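Please read the points below against the coordinates, as one colleague's note to another. Comments on any of them are welcome.

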Amino acid sequence: NVQPLIYLTLGLLSSSIGIIYIILRRTDEKIIWLVIPIALLIFSPKLLNAVIVTSVGLSWTIIFVLFVSIVYILNKKKITKIWLALGISLSILATFNVVLGILSWAIGIIFLFLNYNKNKKNLLIWIISSVIFISLYLTIADFEQSQQQLQTTINYIGKVNWALEYVSNPYSIPSDTARHLFGAISIIVLISISTYFIIKRITKSYPWIMFGFIGILSTIITTLGRFEVRLPSTDYYIIMSNFTQIALIVLI
């Protein structure tokens, strides 16, 4: 009976919206209404099959919720030892869920580095933890086959179009050309706005820049691993490509 797992997936997605609402309120109470378009992305009808096929969709949903939770924790004004331990624990869970979970360590390193002055010790602990658990993951995983797949995909020009379509996946855009154009514009605008906010040291934008960072890196990794294996329009890919579009909505 898959019905309990469907309810679990929907419950996890709902919890992610609650966490995003809290991050929005902490950013600026005037923009909390953005939770509405964000919720529409997260509960997109295009995700119906991903919810039903729980064996795959649940893993991606768990990763999405873990990443949102990690950003929430690292965005706290003061990261206590308990919060840091919880963040590291969530990163460990993410790492051993699906390969994209490794990105959680990069999120922490960059986020803590952006607030280096008050997070020197936390950054050191996070880096040490990342080295330990990524090394453990690499030891357990069979990376010889992954390296061969990476080598065979590295020369395909079409992977760029695949990636751009992956970015535009949350929206129903009719033509391939329009999807590629929308994906390219999304990435360019995201990088431009994020760079501006970082230069201006607008710290309240950092959690949303991290959302964009997650979206771009997941796009790169998924493209390298799934190009010519799955279509970029695969429904459960929407879960992670939502990060790019959520970041754009808030930063713009």
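1. Basis of the note. This is a predicted model, in which local features need pLDDT of at least 70 and side-chain atom pairs count only at pLDDT 80 or more, whereas totals for chains, interfaces and linings use all residues. Residues are numbered from 1 along each chain as its sequence is written, and side-chain values use heavy atoms, with hydrogens and water left out.

2. Overall fold. The chain contains 12 helices and 0 strands, where helices (H or I, at least four residues) and strands (E, at least two) are DSSP runs numbered from the N terminus. Of its 252 residues, 47% count as buried; buried means under 20% relative accessible area, exposed means over 50%, and partly exposed is what lies in between, with a 1.4 Å probe and protein chains only.

3. The structure holds 3 salt bridges, each defined as a side-chain nitrogen of Lys or Arg within 4 Å of a carboxyl oxygen of Asp or Glu. One of them pairs Asp28 with Lys204, with the closest N and O atoms 4.0 Å apart. Because Asp28 sits in the loop between α1 and α2 (35–42) and Lys204 in the loop between α10 and α11, this pair ties together parts that are 176 residues apart in sequence. Asp28 counts as partly exposed at 26% relative accessibility, and Lys204 is likewise classed as partly exposed, at 43%.

4. Arg179 belongs to helix α10 and Glu165 to helix α9 (residues 158–167), so the contact ties together parts 14 residues apart in sequence. Both of these residues are buried, and for Arg179 the relative accessible area is 15%. A further salt bridge joins the side chains of Asp176 and Arg179 at 2.1 Å, N to O; a colleague may wish to look at this pair in the coordinates. Asp176 and Arg179 both lie in helix α10, 3 residues apart, which is about one turn of the helix. Asp176, at 42% relative accessibility, counts as partly exposed. Through shared partners, salt bridges join Glu165, Asp176 and Arg179 into one network.

5. Second largest pocket. Which residues are closest to the centre of the second largest pocket? The volume of this pocket is about 230 Å³, taken as the space filled by probe spheres set on grid points that are joined across faces, edges and corners. Of the 15 residues that line it, Asn75, Lys76, Lys77, Lys118 and Thr203 are the closest to its centre. A pocket here is an open set of points, on a 1 Å grid over the protein atoms alone, where a 1.4 Å probe fits, with protein on both sides within 12 Å along at least five of seven lines, and lining residues have an atom within 4 Å of a point. Helices α1 and α11 (206–226) each supply at least two residues of the lining. By class, the lining has 5 nonpolar, 5 polar and 5 charged residues, where Ala, Val, Leu, Ile, Met, Phe, Trp, Tyr, Cys and Pro count as nonpolar, Asp, Glu, Lys and Arg as charged, and the others, Gly among them, as polar.

6. Nonpolar surface patch. Tyr7, Leu10 and Phe43 make a nonpolar surface patch of about 290 Å². Patches are made of residues with over 30% relative accessible area and no salt bridge, with like charges joined within 9 Å and nonpolar side chains (Val, Leu, Ile, Met, Phe, Trp, Tyr) within 5 Å, and accessible areas come from the Shrake-Rupley method with a 1.4 Å probe, only the protein chains shown counting as cover for residues. Leu10 is part of helix α1 (residues 3–27) and, at 32% relative accessibility, counts as partly exposed.

7. Backbone at Arg201. Most residues other than glycine have a negative phi. For Arg201, however, phi is near 55°, a positive value in a residue other than glycine. Arg201 is placed in the loop between α10 (176–199) and α11, and is exposed, with a relative accessible area of 64%.

8. Two isoleucines. Ile134, in helix α7 (residues 120–140), is partly exposed at 23% relative accessibility. Ile134 and Phe96 are 38 residues apart in sequence, with 9.6 Å from C-alpha to C-alpha. Ile92, in helix α5 (residues 81–95), is also partly exposed at 23%. Between Ile92 and Leu66, 26 residues apart in sequence, the C-alpha to C-alpha separation is 10.0 Å.
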